[in-house]
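My notes follow in the order I looked things up.

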Amino acid sequence: MKILVIENDPRTGDYLRAGLDESGYVVDLARNGQDGLHLATTLHYDLILLDVSMPGMDGWEVMRQLGPSPAAPVIFLSARDELADRLKGLELGAEDYLGKPFSFAELLARIRVALRRNNHGRPEDGLRIADLHVDVLTRRVTRAGQRLTLTNQEFTLLTFFVEHQGLALSRSLIASRVWDMNFDSDTNVVDVAVRRLRQKIDAPFAMRLIHTVHGVGYRCEAETEAAPLTPARAESAV
């Protein structure tokens with residue numbers, strides 16, 4: 001998925017580009033409205049994040065130029081978070097409007113919703129890896145046809161893993177995206193959460209999906225030749 005960020009503030013722009021890149025998106029960054037409009041109308045993007053308060057051509061004008069039905073869904077990001085501003089953005093054709101300051105975890109959630117809505121006008125059927133299926137809309141998880149009961153935190157963690165399957169995810173990245181917190185090396189909150197999740201989605205099945213990457217964190221990936229993971233091994237593998 002390719003995202004265009006149109007953001008005047010250098011720190012915010014760099015923060016968004018780095019965070020979205022770490023989350024698996026391809027990101028282009030425009031630092032003013034003119035450059036952003038040029039990129040938005042000449043290249044293909046799956047979604048656009050658009051600041052409102054920019055000198056010269058502001059976000060309102062960029063949105064007017066894109067038209068009421070832009071090729072990619074637009075999410076406004078702005079410190080102007082009054083009801084009148086939000087309504088104006090939506091009336092111009094934006095998909096969503098998020099006030100600053102915002103939680104990056106919430107922004108990612110809104111991006112996923114916007115991308116699903118733009119997927120041929122219907123939500124996608126969910127996320128899959130091997131015999132595991134995550135229905136994001138109904139929040140149901142099944143593996144090998146068996147319904148699994150997860151807490152809200154476990155569901156968020158599993159969704160993050162499956163969305164980034166195959167990638168080595170650091171504990172700090174997991175903490176910032178799942179809990180929206182800075183990771184403290186003296187805290188084992190990530191390891192404890194992963195251990196509990198493994199007991200539900202890996203321990204009863206022959207194929208392991210969540211793997212420890214020593215010195216880094218974890219990776220979600222199907223390994224066809226993995227040995228069965230017992231509850232005891234699930235505890236010791238963290």
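**Entry 1: a side chain and a backbone oxygen**

I began with Thr159 and Phe155. The backbone oxygen of Phe155 is 2.8 Å from a polar atom of the Thr159 side chain. I kept in mind that this is a predicted model. Thr159 belongs to helix α6.

Is Thr159 buried or exposed? I found a relative accessible area of 6%. The cut-off for buried is under 20%, so Thr159 is buried.

Next I listed what Thr159 touches. Leaving aside neighbours within four places in sequence, Thr159 is in contact with Leu127 and Val134.

I moved on to Val134, which sits in strand β7. Its relative accessibility is 0%, so Val134 counts as buried.

Which residues does Val134 contact, leaving aside neighbours within four places in sequence? I noted Gly126, Leu127, Arg140, Val141, Phe155, Leu158, Thr159 and Val162.

Val134 and Phe155 are 21 residues apart in sequence. In space, their C-alpha atoms are 8.7 Å apart.

**Entry 2: the nonpolar cores**

In soluble globular proteins, nonpolar side chains tend to be buried together. I looked for such groups here.

How many residues does the largest nonpolar core have? I read off 30. Leu132, Leu158, Phe161 and Ile174 have the most contacts inside this core. At least two core residues come from each of β6 (127-129), β7 (132-135), α6 (152-163), α7 (171-178), α8 (189-201) and β12 (217-220). Helix α6 gives the largest share, six residues.

I then picked out Ile174. Leaving aside neighbours within four places in sequence, Ile174 is in contact with Leu157, Phe160, Phe161, Leu169, Trp179, Val190 and Tyr218.

Another core lies apart from the largest one. This other core has 21 residues, among them Leu37, Val52, Trp60 and Leu66.

**Entry 3: two helices that cross**

Two packed helices are described by the angle between their axes and the distance between the axes. I looked up both values for α6 and α8.

Their angle is about 85°, and the axes are 10 Å apart. Angles of 65 to 115 degrees count as roughly perpendicular. So α6 and α8 are roughly perpendicular to each other.

Which residues make the contact? From α6 I wrote down Gln153, Glu154, Leu157, Leu158 and Phe161. From α8 I wrote down Ala193, Val194, Arg196, Leu197, Lys200 and Ile201. By class, this contact has seven nonpolar, one polar and three charged residues.

**Entry 4: backbone details in loops**

I ended with the backbone. Lys100 and Pro101 are joined by a cis peptide bond, with omega about -5°. Pro101 is in the loop between β5 (96-99) and α5 (104-117).

I also looked up phi angles. Ala130 is not a glycine, but its phi is positive, about 55°. Ala130 lies in the loop between β6 and β7.

Ala144 is not a glycine either, and its phi is positive, about 55°. This residue lies in the loop between β8 (140-143) and β9 (146-148). Is Ala144 buried or exposed? Its relative accessibility is 52%. Exposed means over 50%, so Ala144 counts as exposed.

Notes
Residues numbered from 1 in each chain as written. Predicted model: local features only at pLDDT ≥ 70, side-chain atom pairs only at ≥ 80, totals over all residues. Heavy atoms only, no water. Core = buried A, V, L, I, M, F, W, Y, C linked by side-chain atoms within 4.5 Å. Buried < 20%, exposed > 50% of the residue type's maximum accessible area, 1.4 Å probe, protein only. Helix = DSSP H or I, 4+ residues; strand = E, 2+ residues; numbered from the N terminus. Contact = heavy atoms within 4.5 Å. Axes fitted to C-alpha atoms, helices over the stretch in contact; angles between N-to-C directions. Parallel < 35°, antiparallel > 145°, perpendicular 65-115°, else oblique. Nonpolar A, V, L, I, M, F, W, Y, C, P; charged D, E, K, R; others polar. Polar contact = N/O pair within 3.5 Å; in protein donor to acceptor, adjacent residues only side chain to side chain.
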